[in-house]
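Colleague: I'm new to this one. Could you walk me through a few spots, question by question?

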Amino acid sequence: MATTVRRSTRTLPAAPLGPENPLPALLPLDEAHTLTEADRAALPPEMARQVGYGPLRSVLPTRVLDGYGRQRTPTRLDTLVLENDRLRATVHPGLGGRLASLFHKPTARELLYVNPVLQPADFALNGAWFSGGVEWNIGATGHTTLSCAPLHAARVPAPGGDGAMVRLWEWERLRDTPFQVDLWLPEDSDFLYVGVRVRNPHHRTVPVYWWSNIAVPEEPGARVLAPAEETWYFAYERRLRRIPVPEWEGTDLTYPLHSRFPADYFYEVPESSRKWIASLDEKGRGLVQTSTDLLRGRKLFVWGAGPGGRRWQQWLTEPGTPGYVEIQAGLARTQLEHLPLEAGGEFSWLEAYGPLSADAETVHGADWSAARVHTERRLEEALPRGAVEAAYAAWRPQADVEPEGGPRDGWLACGSGWGALEVERAGFTLPGTPFPPGTLGAQQRPWRELLHTGTLPCGPDHAPPGPTLVAAEWRELLESADAEPAVDAAGKAARRELDHHLGVAQWHAGDRSQAVRSWERSLEQGVYWPALRCLAVADQQDGNGARAAERYMAAVRDAGERLDADDPLGAAALAALAREAVEVLLAEDRAGDAESVLDGLCDDQRARGRCQLLRARVLLAKGDVKGARALFDAGFEVEDLREGEEVLSDTWAALTADPLPARYDFRMRP
């Protein structure tokens with residue numbers, strides 16, 4: 001039975017994503033995987049260079065997704081199902097192309113961790129992320145901005161005539177790099193093949209990041225094996241240390257539940273070794289992932305057995321259900337690194353996922369070398385290294401084959417129109433990954449008009465400005481855009497919105513003085529909350545908290561008068577602006593003003609957990625410890641709590657010396 005491909009659906013309890021946050025993401029969300037200059041200097045030279053190469057200034061041009069909640073209702077999700085007589089693979093094209101399930105028919109075993117719910121949480125570079133399955137992480141250190149976004153998907157003939165394969169592709173916007181993921185199941189194969197290609201169509205070198213993130217069940221007695229005797233250990237103290245495998249400080253850390261706190265283990269895989277990683281249960285059965293050698297990195301992430309890790313496991317799924325660990329494969333040794341991809345170049349490789357059965361006594365024996373040699377031998381028997389290389393060679397010509405049909409008549413799913421806009425702007429030729437004009441949507445239309453007419457259309461006054469494009473080519477178009485002197489209200493509105501977008505693009509480029517000037521010029525056309533908010537962020541970064549607070553107050557007043565609170569984007573902008581303002585006002589000892597900002601929100605927003613936490617902090621700042629404690633005792637959930645964020649435990653510690661309640665314990669470090 002060659003691979004068959006069909007559309008299907010999957011229904012599970014899901015929390016809706018909610019609207020995008022309309023405020024430009026001028027600063028990156030806190031990313032836990034960062035190092036000090038001193039720690040970086042102690043690394044091997046190649047690793048140190050790659051750790052310091054291409055860090056993000058922000059997640060622009062993408063928008064933050066923080067409008068989700070924790071109320072889940074049965075929701076039908078579109079899926080694509082690939083199947084042969086041995087395996088059934090289920091993909092969510094509308095959720096980053098996530099491989100949600102890999103079911104082995106002969107043993108009736110699910111090889112991946114399948115989350116029984118869809119619960120967004122604040123782990124992605126731009127916010128919303130969910131756990132489970134295999135995630136394709138591209139862009140920069142962290143979970144991809146495409147975690148909860150739709151990808152294009154279509155059928156393509158599989159290599160060797162083995163039926164069809166599913167091609168997933170999109171335009172990754174942080175680095176402006178198109179990529180594709182091709183999945184197929186050869187006839188009678190126990191392994192899913194995945195061909196990946198990342199391309200740089202530009203005339204400049206770009207930083208590239210890739211990690212395939214594989215969630216597997218967190219089973220008692222399960223062991224993770226990889227061909228390494230050392231690992232780079234990174235925990236939430238933000239230190240990167242080389243330690244031995246498997247045992248360190250008296251603990252065998254290849255057993256995930258032996259770790260107490262969440263931690264990353266990046267294996268030091270020898271260059272000549274076969275690249276693989278496996279998670280095998282107490283009977284020696286489980287999942288193995290292997291690849292061609294370009295995908296050199298392997299990693300284990302554990303939540304650990306401590307209360308904070310256990311709480312995060314519950315937070316991401318249903319209490320009482322099994323947890324998971326992550327085994328991963330990446331282009332670099334660690335996730336702190338980015339690799340340069342030269343102009344016109346590409347990175348491409350092949351991965352394989354399938355079941356593995358090994359001798360349990362050897363896998364779990366005291367001799368680590370014997371355990372991994374035996375596991376690799378069983379992998380070689382199941383899928384020879386040469387077969388993976390041959391499959392890659394057979395797939396690579398197929399990577400250029402055009403998908404069947406088009407976005408309206410044959411594709412399995414459609415992603416965004418950003419790739420089509422970039423192809424129209426630059427005339428890129430990208431065989432195998434078409435980005436036709438038919439995929440352009442409402443968010444791309446103003447920028448398409450700027451491209452062809454030199455004028456950027458102005459949006460309605462009662463709605464926040466649309467997203468800003470920040471690449472150098474778009475910044476140049478903004479700088480040269482038609483801007484007639486404003487002689488009426490419409491002209492002033494167009495001028496101030498253009499300057500707002502130009503300032504955002506200049507800020508992203510690192511030209512902060514010009515960005516400030518553009519936003520100040522926007523205000524010359526009248527009070528305008530988007531420019532006031534951007535200037536407040538700039539003030540805060542410059543250490544001028546008093547002026548930032550004043551500008552936030554002015555922005556809140558103008559937005560409250562201007563925006564339509566019944567419109568989802570208007571309501572999202574008002575709430576996001578208020579949250580930012582309250583943080584700055586608290587830092588400036590203006591608790592009364594912070595309280596008035598919270599009071600100005602609608603009932604639904606005031607009831608959200610983040611606002612409840614801010615309210616408790618305001619009460620604490622006003623000296624009302626009893627009132628703040630009452631909010632904690634009544635209970636709330638901060639829906640958008642960020643990975644590694646310690647504000648809950650810090651606020652509790654400021655209230656009382658009592659032990660932190662389990663429901664608020666998300667601590668990821670000692």
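This is a predicted model: local features need pLDDT of at least 70, side-chain atom pairs count only at pLDDT 80 or more; totals for chains, interfaces and linings use all residues.

Colleague: Which residue takes a positive phi in the hairpin of β16 and β17?

Modeller: Strand β16 covers residues 230–235, and β17 covers residues 240–244. The two run antiparallel, joined by 5 bridges. Between the strands of this hairpin sit 4 residues, and the one with a positive phi, near 65°, is Arg238.

Colleague: Which residue in β20 stands opposite Trp232?

Modeller: β16 also pairs with β20, residues 263–267, in the antiparallel sense over 5 bridges. On the β17 side, Trp232 stands opposite Arg242. In β20, the residue opposite Trp232 is Phe266.

Colleague: Is Glu83 buried or exposed?

Modeller: The side chain of Glu83 meets that of Lys105 in a salt bridge, 2.7 Å from N to O. This pair links distant parts of the chain, with Glu83 in strand β2 and Lys105 in the loop between β4 and β5. Buried means under 20% relative accessible area. Glu83 is at 12%, so Glu83 counts as buried.

Colleague: How many residues apart are Arg629 and Asp633 in helix α18?

Modeller: Their side chains meet in a salt bridge of 3.0 Å, N to O. Arg629 is partly exposed at 24%, while Asp633 counts as exposed at 51%. They're separated by about one helical turn because their spacing in α18 is 4 residues.

Colleague: And how many salt bridges does the structure hold?

Modeller: Some are linked in a network that joins Glu46, Glu230, Arg242, Glu268, Arg296 and Arg333. For the structure, the count is 54.

Terms used. Residues are numbered from 1 along each chain as its sequence is written. Side-chain values use heavy atoms; hydrogens and water are left out. Buried means under 20% relative accessible area, exposed over 50%, partly exposed in between (1.4 Å probe, protein chains only). Two strands pair if DSSP finds at least two bridges between them. A salt bridge is a side-chain nitrogen of Lys or Arg within 4 Å of a carboxyl oxygen of Asp or Glu.
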